[in-house]
Amino acid sequence: MDSAHNAIPDHALRPLVDRLLLEQGRLDPLELLLAADMLGYEDYVAWRTGGRSELQSALRAAPEAIAGFLEDAGVYARGQKLVAVPIEHTAWGDRERPLSIGPHPVLTRACALVYAPPPERCQLDLFQDSTALLLEEEVRTALVEHRTGRARDQVARLMHSEPRHPRLGGFLRLIQTLDDADANGRDGRVEERWRELEEIGPLAGQLLGHGARDFLGTLWAALAERLAGRPLGPGSGDFHAAIAWTRAGRWERAREAIESEPEWLDRPVLVLVHAEACWHGRDPVGARRDWLWLCREYPSAAERALRDPAFPDRRLADLWEAFGDLGLEDELATEDFPAWLLLEDPKAFAMIRETGDESSDDRATAYRLLHALVSGDDTIDRRRELGEIQPILLKQFLAYRSHA
């Protein structure tokens with residue numbers, strides 16, 4: 001396992017903690033592990049919903065390292081005048097039960113403390129202590145944890161306490177969305193459920209804040225299960241199980257759903273989802289293989305992805321920008337980008353075996369020739385053949401060799 005301190009350098013810990021405090025108003029240890037990529041969301045959800053008996057074995061570093069990382073975060077949080085508040089982890093759903101972090105006692109203790117602003121009550125703060133505000137928080141917690149019965153009870157109390165509360169209607173709509181979880185999706189109604197979840201997303205974000213991730217994620221996962229085995233229809237690939245899995249934050253399941261499609265490489269939208277699933281699943285080589293395949297086969301889709309400010313692979317995005325800055329648009333197209341990468345960063349990209357590299361077209365042949373040349377199999381015949389097919393790449397290779 002990697003060291004937690006190597007995974008997140010000390011200089012990056014404070015900004016990460018500050019971001020979580022800004023977004024959530026407190027520092028939850030498990031949210032910190034998720035944000036630091038030391039815990040996969042799929043494993044977290046499985047633990048919360050009964051699919052894992054403990055969490056320790058899912059962590060991406062040794063228990064001692066994780067515990068030390070959380071303790072360092074706690075020291076910084078206390079320096080921000082936050083106080084440690086004990087927390088108990090319970091399973092989601094109406095059958096509430098305690099959950100186990102694992103057998104490591106120091107890790108368990110570190111995961112049992114949330115850092116929050118101190119409850120200073122020198123003077124009665126009517127806003128903070130109002131019944132309506134406390135009931136609101138109870139409703140939010142119940143909705144995030146999918147405790148439908150408790151959410152309904154707390155909304156009834158809120159309605160009795162403050163009949164004209166501005167968020168009552170929204171809370172009731174979210175409860176209805178939970179009630180519909182089993183009703184919709186049957187008898188060909190998956191499209192209706194899909195649209196309902198899309199429509200409810202902004203409201204969930206407004207009412208639940210960061211908790212909308214868990215509220216919506218479980219619902220999207222349930223819909224993805226119903227879409228399993230549904231054939232890939234025409235169009236962009238919407239209403240496919242893989243896309244529902246990504247919206248649930250379940251990247252491994254998304255990848256499995258796509259790879260079960262025999263012709264998924266012919267659907268750019270699914271290739272992009274597959275690449276994203278690989279990236280989030282800590283398989284950057286697989287993700288780059290997908291993006292380079294798009295460059296070769298669907299250049300317009302690749303260009304849109306690489307130019308997107310949210311594109312996750314910043315190294316590849318920077319190289320794409322450098323490729324565009326060459327000023328060789330008349331000689332090198334997007335389809336040539338994978339070959340050019342062999343010259344710009346052979347250590348990173350020569351290891352990527354391109355999908356579909358059995359093709360016999362000129363660009364595929366040029367790629368294979370250049371791959372052999374940069375990999376040390378440099379012969380006059382290969383240079384001559386590359387020069388006949390793509391002379392600019394031979395020129396670039398010779399410049400690369402001269403520089404090397």
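Select Tyr 44 and Trp 47: both sit in helix H4 (residues 41-48), 3 residues apart, about one turn of the helix. Helices here are DSSP runs of H or I, at least four residues, numbered from the N terminus. The model is predicted: local features need pLDDT of at least 70, side-chain atom pairs count only at pLDDT 80 or more, and totals for chains, interfaces and linings use all residues. Residues are numbered from 1 along each chain as its sequence is written, and side-chain values use heavy atoms, without hydrogens and water.

Show the rings. The structure holds 12 aromatic pairs (Phe, Tyr or Trp rings, six-membered ring for Trp, with centres within 6.5 Å; planes under 30 degrees apart are stacked, over 60 edge-to-face, the rest tilted). Tyr 44 and Trp 47 make a tilted one, 6.3 Å centre to centre, with 40° between the planes. Tyr 44 is buried at 4% relative accessible area, and Trp 47 is buried at 0% (buried is under 20%, with a 1.4 Å probe and protein chains only).

Now go to Phe 337.

Next, colour the largest nonpolar core, 85 residues (buried Ala, Val, Leu, Ile, Met, Phe, Trp, Tyr and Cys joined through side-chain atoms within 4.5 Å). Phe 337 is among the members touching the most others, as are Leu 143 and Phe 215. Helix H11 (residues 212-227) gives this core its largest share, 9 residues.

Methods:
Helix = DSSP H or I, 4+ residues; strand = E, 2+ residues; numbered from the N terminus. Buried < 20%, exposed > 50% of the residue type's maximum accessible area, 1.4 Å probe, protein only.
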